[in-house]
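Hi,

Here is the structure I promised to pass on. Have a look at it first, and then read on for what turned up in it.

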Amino acid sequence: MDNSLTNVFNFDFYLKYILAFGLVFMGIDKFVVFNPMFEFTGEAEILYRAIDRAGFILPFIGCVEIFAGSLLIRKNTTPLGLIVLLPFSISTMLFHIFLA
């Protein structure tokens, strides 16, 4: 395969940019709400209300999402962006397994 076709089928390239722009979009959404919030029930609602009432956790998560998304966009900082995202990915997975 020649080099021009290899770039077209480079799926990890496209997935990296989709993830990066999604993170930046959701990070900005923590400050300027333009995406409707999902309604939680039970213990998940109690946890989310506590996080929301603290007042600093959601903006901090938004800043980290914007920072990690911007790290993913640059080729030489992609591994650092993935390492920054790891704790948030694990906590999101555990939230959905045990609470949602």
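This is a predicted model: local features need pLDDT of at least 70, side-chain atom pairs count only at pLDDT 80 or more; totals for chains, interfaces and linings use all residues.

Leu-15 sits in helix α2; helices here are DSSP runs of H or I with at least four residues (strands would be runs of E with at least two), numbered from the N terminus. Leu-15 has a relative accessible area of 56%, so it counts as exposed. The cut-offs are: buried is under 20% relative accessible area, exposed is over 50%, and partly exposed is in between, using a 1.4 Å probe and protein chains only.

Residues are numbered from 1 along each chain as its sequence is written, and side-chain values use heavy atoms, with hydrogens and water left out.

Back to α2 as a whole. It has 19 residues and spans 27 Å from first C-alpha to last, close to the 27 Å expected at 1.5 Å a residue. (That expected span is 1.5 Å times one less than the number of residues.) Which residues of α2 are buried? They are Lys-16, Ala-20, Leu-23, Val-24, Gly-27 and Asp-29. The cover over these buried residues includes α4 and α5 (78-98).

Now for how the helices pack. Two packed helices are described by the angle between their axes and the distance between the axes. Here the axes are lines fitted to C-alpha atoms, for helices over the stretch in contact, and angles run from 0 to 180 degrees between N-to-C directions.

How do α2 and α4 pack? Helix α2 (residues 11-29) and helix α4 (residues 57-73) meet at about 155°, and their axes are 7 Å apart. That makes α2 roughly antiparallel to α4; the label goes to angles over 145 degrees, while under 35 is roughly parallel, 65 to 115 roughly perpendicular and the rest oblique. The crossing of α2 over α4 is left-handed, meaning that the near helix is turned anticlockwise from the far one by less than a right angle (clockwise would be right-handed). The contact residues split into 11 nonpolar, 4 polar and 2 charged. For that count, Ala, Val, Leu, Ile, Met, Phe, Trp, Tyr, Cys and Pro are nonpolar, Asp, Glu, Lys and Arg are charged, and the others, Gly among them, are polar.

Leaving out residues up to four places away in sequence, Ile-73 touches Lys-16, Tyr-17, Ala-20 and Phe-21.

Next, α4 and α5 pack at about 150°, with axes 7 Å apart. That makes α4 roughly antiparallel to α5, and α4 passes α5 in a left-handed crossing. Residues meeting there include Phe-60, Val-64 and Ala-68 in α4 and Gly-81, Val-84 and Phe-88 in α5. This contact divides into 12 nonpolar, 2 polar and no charged residues.

Not counting residues up to four places away in sequence, Gly-81 touches Ala-68, Leu-71 and Leu-72.

Last stop: Phe-40, in the loop between α2 and α3. With 18% relative accessibility, Phe-40 counts as buried. Beyond residues up to four places away in sequence, Phe-40 touches Glu-45, Tyr-48 and Phe-95. Helix α3 (residues 43-54) has 12 residues and reaches 17 Å from first C-alpha to last, close to the 16 Å expected. Just after α3, Gly-55 takes a positive phi of about 85°.

Cheers

How values were computed: The expected span of a helix is 1.5 Å times one less than its number of residues. Contact means heavy atoms within 4.5 Å.
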